[in-house]
Amino acid sequence: MPSREKIQWVQLRVGVLLLVSLVAFAVAVISISGQVGLFSKRYVLKTYVGSATGLHVGAPVSVGGIPVGNVKSMDLSPYLEPERAVQLTLSISAKFQGEIRSDSTARLERQGLLGERSVDISRGGPQGVILR
């Protein structure tokens, strides 16, 4: 019959192997899901649209077609204008912060065969102020 110390050592090794496997699986799932810069610094931008039909939390955000983040939340806007009915909170990778300026515009686009919605932000011009 194996000793108690040997059983505990085997259990510890199995536990560590299981933990490492779960972490590797989680990293693989997140990287496959297409999230931009999982461990990169991010900042938050808010934009307003008339309707968020077909858009969902986690939808991709791009600048000029390049993925830069995702939709963090969607809420009803405090503004009464119909073109600003929905407030979108966007989580953007900080390395793209210089590309989004005060003269940038956000619009909803359809992508893929199923017509899933995403947010595309135009690059700002050099005269625009970098948004923080």
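R84 is placed over the face of Y48, 4.9 Å from the ring centre, and also over the face of Y79, at 3.8 Å from the ring centre. A charge is taken to sit over a ring if NZ of Lys or CZ of Arg is within 6 Å of the ring centre and within 35 degrees of the ring normal. The model is predicted: local features need pLDDT of at least 70 and side-chain atom pairs count only at pLDDT 80 or more, whereas totals for chains, interfaces and linings use all residues. Residues are numbered from 1 along each chain as its sequence is written, and side-chain values use heavy atoms, with hydrogens and water left out.

One aromatic pair is found in a search of the whole structure. The ring centres of Y48 and Y79 are 5.1 Å apart and their planes are at 85 degrees, so the pair is edge-to-face (rings of Phe, Tyr and Trp, the last by its six-membered ring, pair if their centres lie within 6.5 Å; planes under 30 degrees apart count as stacked, over 60 as edge-to-face and the rest as tilted). Because Y48 lies in strand 1 (residues 42–49) and Y79 in the loop between strand 3 (66–76) and strand 4 (86–93), the pair ties together parts that are 31 residues apart in sequence. Strands are DSSP runs (E, at least two residues), numbered from the N terminus. Y48 is partly exposed, with a relative accessible area of 23%, and Y79 is partly exposed at 36% (buried means under 20%, exposed over 50%, partly exposed in between; 1.4 Å probe, protein chains only).

Six strands form an open sheet of mixed pairing in the order 1-4-3-2-6-5, where pairing requires at least two DSSP bridges between two strands. Strand 1 and strand 5 are the edge strands, each pairing on one side only. Strand 2 and strand 6 pair in the parallel sense over three bridges, and S62 has D120 in strand 6 as its bridge partner. Strand 5 (residues 106–111) and strand 6 (residues 116–121) run antiparallel and are joined by six bridges; R110 has R117 as its bridge partner. Four residues lie between the strands of this hairpin, in which G112 takes a positive phi near 75 degrees.

The largest nonpolar core has 19 residues, of which L55, V61, L88, L90, I92, V119 and I121 touch the most other members (such a core is a set of buried Ala, Val, Leu, Ile, Met, Phe, Trp, Tyr and Cys residues joined through side-chain atoms within 4.5 Å). Strand 4 gives the largest share of this core, four residues.
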